[in-house]
Amino acid sequence: TEDILLKSEKVSLIGELAAGIAHEIRNPLTSIGGLVQLIDELNPEKNAFFKEIILTEINRINFIVSELMVLAKPHAVYFSWFNIIESTRNVIELLQPEVNLRNVAIVFETDDEVIEVYGEKNQLTQVMINLLKNAIEALSSGGYIKLSVAKDGKNVLLTIQDNGIGMTDEQVKKLGEPFFTTKSNGTGLGLMICFKIIQNHKGTVQVESEQEKGTTFTITLPTRPQIAGQPESSEAGLSITS
Ligand code: ADP
Ligand code: MG
């Protein structure tokens, strides 16, 4: 039946995630362990170098764990009405230092000053942060990001478009898989978390991407999702156009 199918899908996702976490955390731990065993033989000259590697590896583990905390829901999850235009402006402001550093321009397009959405404000803010960060990271100097928020009947459409490096079809298919990353310092957890949050809001995510041209993420979010008694939906999910 449908229930059993959903359950087994969940179990395999958890298994996949657990295997990924184990792998990602074991690598830095192995390297820390190896260095600690050498500690007695170290001369002071090499000390600083080894210490830096150890700290880098610890930071990496910390980073992975803090990304995962979003899924672990350490804080209570509160759905409430909030103005998503205001939240979007706050996210842009938050990322402004990173934007300036990379010489990227963000253009925010909206016809409204207020669009009320019933949702988990912190989580939806996290989605915008993750998508915008990816857009910034996809751009080299001189790139632009176009962000738009618009009402469409009972839905809100959020689009994030960049003219960055884009993706191959193979890469697009892997989006949302835990630990899929093409970045040397990426975790590959950002999009998995985004998709999960959007799914919990009964929304959908669309991706359009072309190499060297850029990428557009479109999120469709019901302004008032039907969530009572059923935290997850099997209809919501990711659809891909490329
Ligand atoms: P991370 O950013 O840590 O790599 P994500 O889950 O946020 O993890 O993204 C996974 C991968 O998806 C990225 O490494 C990148 O290859 C690809 N990606 C995501 N967003 C974009 C984008 N806007 N442009 C190009 N590639 C992207
Ligand atoms: Mg990311």
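Helix H7 (190-200) is largely enclosed by the rest of the structure, because ten of its eleven residues are buried, where buried means that 20 or more other C-beta atoms, placed from the backbone, lie within 10 Å of a residue's own, exposed means 12 or fewer, and partly exposed means in between. The model is a predicted one, in which local features need pLDDT of at least 70 and side-chain atom pairs count only at pLDDT 80 or more, while totals for chains, interfaces and linings use all residues. Residues are numbered from 1 along each chain as its sequence is written, and chains are lettered from A and ligands numbered from 1 in the order in which they are written.

**The chain as a whole**
- The chain has seven helices and eight strands, which are DSSP runs numbered from the N terminus, with helices (H or I) of at least four residues and strands (E) of at least two.
- Buried residues make up 22% of the 242 residues in the chain.

**Helix H7 and its partner H5**
- The buried residues of H7 are Gly 190, Leu 191, Met 192, Ile 193, Cys 194, Phe 195, Ile 197, Ile 198, Gln 199 and Asn 200.
- H5 and H7 pack with their axes 9 Å apart and at an angle of about 145°, where axes are lines fitted to C-alpha atoms, for helices over the stretch in contact, and angles run from 0 to 180 degrees between N-to-C directions.
- On the H5 side the contact includes Leu 124, Val 127, Leu 131 and Asn 134, and on the H7 side it includes Gly 190, Leu 191, Cys 194 and Ile 198, with two residues counted as in contact if their C-beta atoms, placed from the backbone, lie within 7 Å.
- By class, this contact of H5 with H7 has eight nonpolar, five polar and one charged residues, with Ala, Val, Leu, Ile, Met, Phe, Trp, Tyr, Cys and Pro counted as nonpolar, Asp, Glu, Lys and Arg as charged, and the others, Gly among them, as polar.

**The nonpolar core**
- The largest nonpolar core has 32 residues, and those with the most contacts inside it are Leu 131, Ile 160 and Cys 194; such a core is a set of buried Ala, Val, Leu, Ile, Met, Phe, Trp, Tyr and Cys residues joined through C-beta atoms within 7 Å.
- H7 supplies the largest share of this core, with seven residues.
- Leu 131 is in contact with Ile 160, Cys 194 and Phe 217, once its neighbours within four places in sequence are left aside.

**Around ligand 1**
- Ligand 1 is surrounded by 22 residues, the closest being Asn 134, Ala 138, Thr 181, Gly 186 and Gly 190, and a residue is near a molecule if its C-beta atom, placed from the backbone, lies within 6 Å of it.
- H5 (121-137) and H7 (190-200) are the elements that give two or more residues to this shell, and H5 gives the most, with three residues.
- The shell divides into eight nonpolar, twelve polar and two charged residues.

**Loops and positive phi values**
- Most residues other than glycine have a negative phi.
- Phe 179, however, has a positive phi near 70°, and its place is in the loop between helix H6 (169-174) and H7.
- Phe 179 counts as partly exposed because it has 17 C-beta neighbours inside 10 Å.
- Glu 212 has a positive phi near 65° and sits in the loop between S6 and S7, where it counts as exposed, with 8 C-beta neighbours inside 10 Å.
- Just after H7, Lys 202 takes a positive phi of about 65°.
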